[in-house]
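Please open the structure in your viewer and keep the selection panel at hand.

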Amino acid sequence: MQADGSVAAVSGDHSLNLGQYSRAAIERAGPLATGLPLASLAGRSIVARQVHVLVRRLAWHGLLDYRLFSPRDAQDMVVIEPQVAEYWPEPAKLSNGDILVLSRFAYLRRRGNEMVLESPRAGALFRIGDPAIAATLASLSRPQKISNLRRRAAALDIELLGLLLDGGMLIKLDPKHGDGLRVNEGDGNLVLWDFHDLVFHTRSTEGRHSEPVGGAYAYAAAVPSLPALRPSWTGKSVSLDKFVSAAPASPFTRLLHARHSTRDFDDRNPVTLPELAQFLGTTARVLSEWKSGDDVGGGGEVTYTSRPYPAAGSAYELELYLAVSNCEGLARGFYHYDAGRHALVSLDASPEQIRALLATAEFAMDASGPPQILITIAARFGRIAWKYSSIAYSLVLKDVGCMIQTFYLTAADMSLGGCAIGTSNIDLFARMTGLELHVEGPVGQFALGRSAQRPIPG
Ligand SMILES: Cc1cc2nc3c(=O)[nH]c(=O)nc-3n(C[C@H](O)[C@H](O)[C@H](O)COP(=O)(O)O)c2cc1C
């Protein structure tokens, strides 16, 4: 309760205002710290409605866990921990004839001294408190009719199954078609994802889990930093110093050594549209298109392109999306760079989403303002996974590295400033584009603009 009578959720030096409530509502919501029965939100009384609003607001910000408590065993059977902000438990309706199977993306693992059920597809993780539930989950590794499950597992909680289905841990199968294997779960784009790749993608970005992201120094107290230089091996060394040429460095060497990261930009003198066009044309434009057989004997032809940077298998799965904050000659907005047509196409992202995207970049760079242009590098995962399966995601990240260095060198050559950004929010991007996260999503970011510092001559 704040001095002005409003209620706030406070954590460290963060405070989130949740609105005004009557004293009776606050008293009824009191047990939230340990467990407030859902029944407290039911009913039409003013108090119940206020508690409902408070609880929904907490849920909206991802501040609630949901306990399924067994009074008989006096223990939590399951605690649901939301991983996305909007999660709200909505058990799917099930009947005896329904056939369920565990999603191929769901996995049980030890976290601390607990067992958790997770999935990169799920908006929540399930902390499993009762080993009998883990046994039921194990039996769901093959399709099961609810009636069979009921017969075998006496303590089966049908509402829990409904929550697991709603949360994406289970999938419901069509009784006529479907053995529950890969092609039964999701569209063609999902079929192409290997388990480890989707886990890596969702856990190494922001938006689909609730762990801290970025320079958190999580185990700095337990493990010291490795030295900047690797200790030398003890074998005979061959010095290369004597081969250093006395000739002046080539323009390319000078460019390579001039490259550096720029995080603060001169907003009175922003990058211009012709400069942006030159930057994109130099780094990412399609140079030629060609076709080839599909290598698998199917007789199909696969289309390919050539572009200025190298890419695994010539797949060129990377796409560029530009959040434009300050570019002379180009309206503020969110654009896709159509590399084939060398054109920018405007997308319908909201001003709040664009602001949020730019703010995350400003935060990641610890900069004094948003970048003039924020380039999000997104991958069309299916384009590369179609051929490479288990190494697809690692190839995507290597391709991003090639592209980022190309960006840095071009920015340096054009006397512009740029900075790679290691984090991206895959949920925000999905909302801005309307694309599902497994179809196309961010894998890298690069801030671009005119540096606030004068370029160093030479
Ligand atoms: C993959 C990658 C991710 C990076 N992420 C960030 C970032 O999130 N924030 C930031 O300020 N700099 C980021 N940087 C920039 C590095 O901090 C920078 O390259 C490094 O400190 C060396 O400095 P220099 O680029 O000026 O030579 C990133 C660089 C790379 C290559």
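**Stop 1: L54**

Select L54 together with V7, L18, Y21, A25 and A29: L54 is in contact with these residues, its neighbours within four places in sequence being left aside. Two residues are in contact if their C-beta atoms, placed from the backbone, lie within 7 Å. L54 belongs to helix α2, residues 46-60. Helices (H or I, at least four residues) and strands (E, at least two) are DSSP runs, numbered from the N terminus. Is L54 buried or exposed? L54 has 22 other C-beta atoms within 10 Å and is therefore buried. The cut-offs are 20 or more other C-beta atoms within 10 Å of a residue's own for buried, 12 or fewer for exposed, and partly exposed in between, with C-beta atoms placed from the backbone.

**Stop 2: the whole protein**

Before continuing, note that this is a predicted model, in which local features need pLDDT of at least 70 and side-chain atom pairs count only at pLDDT 80 or more, while totals for chains, interfaces and linings use all residues. Residues are numbered from 1 along each chain as its sequence is written.

Display the C-alpha trace of the protein, which spans about 85 × 70 × 55 Å along its principal axes. The protein contains 13 helices and 18 strands. Of its 458 residues, 31% count as buried. Among contacts in the protein with a separation of 6 or more, 68% are between residues 24 or more positions apart.

**Stop 3: the five-stranded sheet**

Select β3, β4, β6, β7 and β8. In which order do the 5 strands form the open sheet? The order is β3-β4-β8-β7-β6, and the pairing is antiparallel. Two strands pair if DSSP finds at least two bridges between them. The edge strands, each pairing on one side only, are β3 (66-70) and β6 (107-111). On average, neighbouring strands of this sheet are turned by 25 degrees against each other, direction ignored. Within the sheet, strand β4 (residues 75-82) runs antiparallel to strand β8 (residues 124-128), and 5 bridges join them. To locate this pairing, select E81 and its bridge partner in β8, L125.

**Stop 4**

Move to the open sheet of 3 strands, ordered β9-β5-β10 with antiparallel pairing. Strands β9 (144-145) and β10 (170-173) each have a single partner strand and stand at the edges, so one side of each is left without a neighbour in the sheet. Strand β5 (residues 99-102) pairs with β10 in the antiparallel sense over 4 bridges. Here V101 stands opposite I171 in β10. Axes are lines fitted to C-alpha atoms, for helices over the stretch in contact, and angles run from 0 to 180 degrees between N-to-C directions.

**Stop 5: β13, β14 and β15**

Select residues 318-324 and 333-338, which are strands β13 and β14; they pair in the antiparallel sense over 5 bridges. Y321 has H336 in β14 as its bridge partner. Strand β15 (residues 343-347) also pairs with β14 in the antiparallel sense, over 5 bridges, and the partner of Y335 in β15 is S346. In the hairpin of β14 and β15, with 4 residues between the strands, H342 takes a positive phi near 50 degrees.

**Stop 6: α11 and α12**

Select helices α11 (residues 381-388) and α12 (residues 392-413), which pack at an angle of about 130 degrees with their axes 9 Å apart. The two helices are therefore oblique to each other; angles under 35 degrees count as roughly parallel, over 145 as roughly antiparallel, 65 to 115 as roughly perpendicular and the rest as oblique. Show F381, I384, A385 and Y388 in α11, which meet A392, L395 and V396 in α12. By class, this contact of α11 with α12 has 7 nonpolar, no polar and no charged residues. Nonpolar covers Ala, Val, Leu, Ile, Met, Phe, Trp, Tyr, Cys and Pro; charged covers Asp, Glu, Lys and Arg; the others, Gly among them, count as polar.
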